[in-house]
Amino acid sequence: MVLAPLPDPGPPSLAVAPEPCPQPLRSPSLDNPTPFPNLGPSENPLKRLLVPGEEWEFEVTAFYRGRQVFQQTISCPEGLRLVGSEVGDRTLPGWPVTLPDPGMSLTDRGVMSYVRHVLSCLGGGLALWRAGQWLWAQRLGHCHTYWAVSEELLPNSGHGPDGEVPKDKEGGVFDLGPFIVDLITFTEGSGRSPRYALWFCVGESWPQDQPWTKRLVMVKVVPTCLRALVEMARVGGASSLENTVDLHISNSHPLSLTSDQYKAYLQDLVEGMDFQGPGES
């Protein structure tokens, strides 16, 4: 489904939804997770990022024609599912995150009609979950959805998408391995800050040749643990003083680390990672 651009409805507004209780997301990639030992107090605390079943926290933000209409932070044991109706199929796996009706924030009736059509085509939703060092996505409805890893403030709309979310099978959308490698380079004073925000363009082609604010439905998903790792790298720098980082995952506590300790933990974490693509052997 591809829809024609519509006039800009006006300045942005914000609605914040309440936080729901999480529900597990089952997937082929989680049926036989790689065993991971319980971490002792002397072991690398960053390895908790890879423990199967460890709850990652996700910040989900939705935009209708560039207007922020929804933001919710969710701790999900194994995944979430973006849906367009609260009456969706609750037998499907993943905690449903319902995108709001456009009538709550938009005034242009034409735009509202198009957005509602996109939301109705989400069907079973857009599923997102973690397995090992990968984040996976799958669309369970008719809406074609394109994705890219970009900056938090805006999607990388000047270039093409990183891919299209597949239907009827899972597709890898984020690999923690290269992110940690880039983060190590960043802590050493070279290279740019690694990107970690996942942007999804729902129901239309990726805004490669147009401002992203012209798209009807854009959704940004930020794993807050990755944001915390980048902030730790920025604050730590070359300082020998301890800095505190909260990974925002279950069963974790804020960590006080020096810059050298942080770099050593990152290096230790990356040495145990697999740098083959999903499905490769």
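Close-up 1. Partly exposed lies between buried, under 20% relative accessible area, and exposed, over 50% (1.4 Å probe, protein chains only). Arg234 is also partly exposed, at 44%. The two residues form a salt bridge, with the closest N and O atoms 2.8 Å apart. A salt bridge here is a side-chain nitrogen of Lys or Arg within 4 Å of a carboxyl oxygen of Asp or Glu. Both residues lie in helix 3, three residues apart, about one turn of the helix. Helices (H or I, at least four residues) and strands (E, at least two) are DSSP runs, numbered from the N terminus.

**Close-up 2. Glu59 and Arg227.** A salt bridge joins Glu59 to Arg227, and their closest N and O atoms are 2.9 Å apart. This pair links distant parts of the chain. Glu59 sits in strand 1 (residues 56–64), and Arg227 in helix 3 (residues 224–236), 168 residues apart. Glu59 is buried, with a relative accessible area of 12%. Arg227 is partly exposed, at 22% relative accessibility.

**Close-up 3. Arg48 and Glu54.** The side chains of Arg48 and Glu54 form a salt bridge, 3.6 Å from N to O. Glu54 is buried, at 4% relative accessibility. Arg48 is partly exposed, with a relative accessible area of 24%. Side chains of opposite charge can pair when their charged atoms come close. The whole structure holds eight salt bridges.

**Close-up 4. Pro211 in a loop.** Pro211 lies in the loop between strand 10 (197–202) and strand 11 (217–223). Pro211 is partly exposed, at 47% relative accessibility. Its C-alpha atom is separated by 9.7 Å from that of Pro155. Along the chain, Pro211 and Pro155 are 56 residues apart.

**Notes to all views.** The model is predicted: local features need pLDDT of at least 70, side-chain atom pairs count only at pLDDT 80 or more, and totals for chains, interfaces and linings use all residues. Residues are numbered from 1 along each chain as its sequence is written, and side-chain values use heavy atoms, with hydrogens and water left out.
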